[in-house]
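Dear colleague,

Please find the structure below. My notes on it follow.

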Amino acid sequence: MTPVSFAYDGAYNVYDDGKTVGCTAKCSCGMGSYSYYTAYFVDACPACGGNLYFEQGAYSGPAYTSPEGLWACSWCDRDYCAQCGKIHSGEGYWLYASDPPIFDEPVKEEKEEPTHKKVNVKILGKEHTITIENKYAKALVE
Ligand SMILES: [Zn+2]
Ligand SMILES: [Zn+2]
């Protein structure tokens, strides 16, 4: 039996709001680290100004891509490392680093009901205060 590994080398947290792109990815250009780092870039190809889009897949085939994920230009089809922003070809282009986007806190409309309740119970003759879920607390009290 040969153990088969299906380790995932792909990116996480892919973000693209049309101005900023970013993800948590391993390096696909050889300049960075083969550990996960999060990097954000300006959503513009440094070669032509085109919009970037995320791409991920196997190495082979006509659509040359990378299992680590990469940023590709929708106009000129140049590929950039998702961690370093360095172009995959030898042209010397780098994506412009960007600050991480500001994620708006989701507005909470309603106050959340407490889901747990403190209940005093006697276990083996000793008083204990335990925290249990509401539905179970009801069953105990009623
Ligand atoms: Zn890289
Ligand atoms: Zn381009």
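The notes below go from the whole chain to its sheets and then to a single residue.

This is a predicted model, in which local features need pLDDT of at least 70 and side-chain atom pairs count only at pLDDT 80 or more, while totals for chains, interfaces and linings use all residues. Residues are numbered from 1 along each chain as its sequence is written, and chains are lettered from A and ligands numbered from 1 in the order in which they are written.

Overall make-up

The chain holds eight strands and one helix. Both kinds of element are DSSP runs numbered from the N terminus (helices: H or I, at least four residues; strands: E, at least two). Read from the N terminus, the order is β-β-β-β-β-β-β-β-α. Of the 142 residues in the chain, 23% are buried. A residue is called buried if 20 or more other C-beta atoms lie within 10 Å of its own, exposed if 12 or fewer do, and partly exposed in between, with C-beta atoms placed from the backbone. Among contacts between residues at least 6 apart in sequence, 47% join residues at least 24 apart; a contact requires C-beta atoms, placed from the backbone, within 7 Å.

Sheet S1-S2-S3

Three strands form an open sheet in the order S1-S2-S3, and the pairing is antiparallel. Strand S1 (12-16) and S3 are at the edges; each has a single partner strand, so one side of each lacks a neighbour in the sheet. The twist averages 15° from one strand to the next, where axes are lines fitted to C-alpha atoms (for helices over the stretch in contact) and angles run from 0 to 180 degrees between N-to-C directions. S1 and strand S2 (residues 20-25) run antiparallel and are joined by three bridges; pairing requires at least two bridges found by DSSP between two strands. Tyr 15 is opposite Gly 22 in S2.

Sheet S4-S5-S6

Another open sheet has three strands in the order S4-S5-S6, with antiparallel pairing. Its edge strands are S4 (52-55) and S6 (79-81), each pairing on one side only. Neighbouring strands here are turned by 35° against each other on average, direction ignored. Strand S5 (residues 70-73) pairs with S6 in the antiparallel sense over three bridges, and Ala 72 has Asp 79 in S6 as its bridge partner.

Tyr 37

Tyr 37 lies in strand S3 (residues 37-42). Is Tyr 37 buried or partly exposed? Tyr 37 is partly exposed, because 14 other C-beta atoms lie within 10 Å. Leaving out residues up to four places away in sequence, Tyr 37 touches Thr 24 and Gln 83. Cys 23 is 14 residues from Tyr 37 in sequence, and their C-alpha atoms are 8.1 Å apart.

Regards

Terms used: Contact = placed C-beta atoms within 7 Å.
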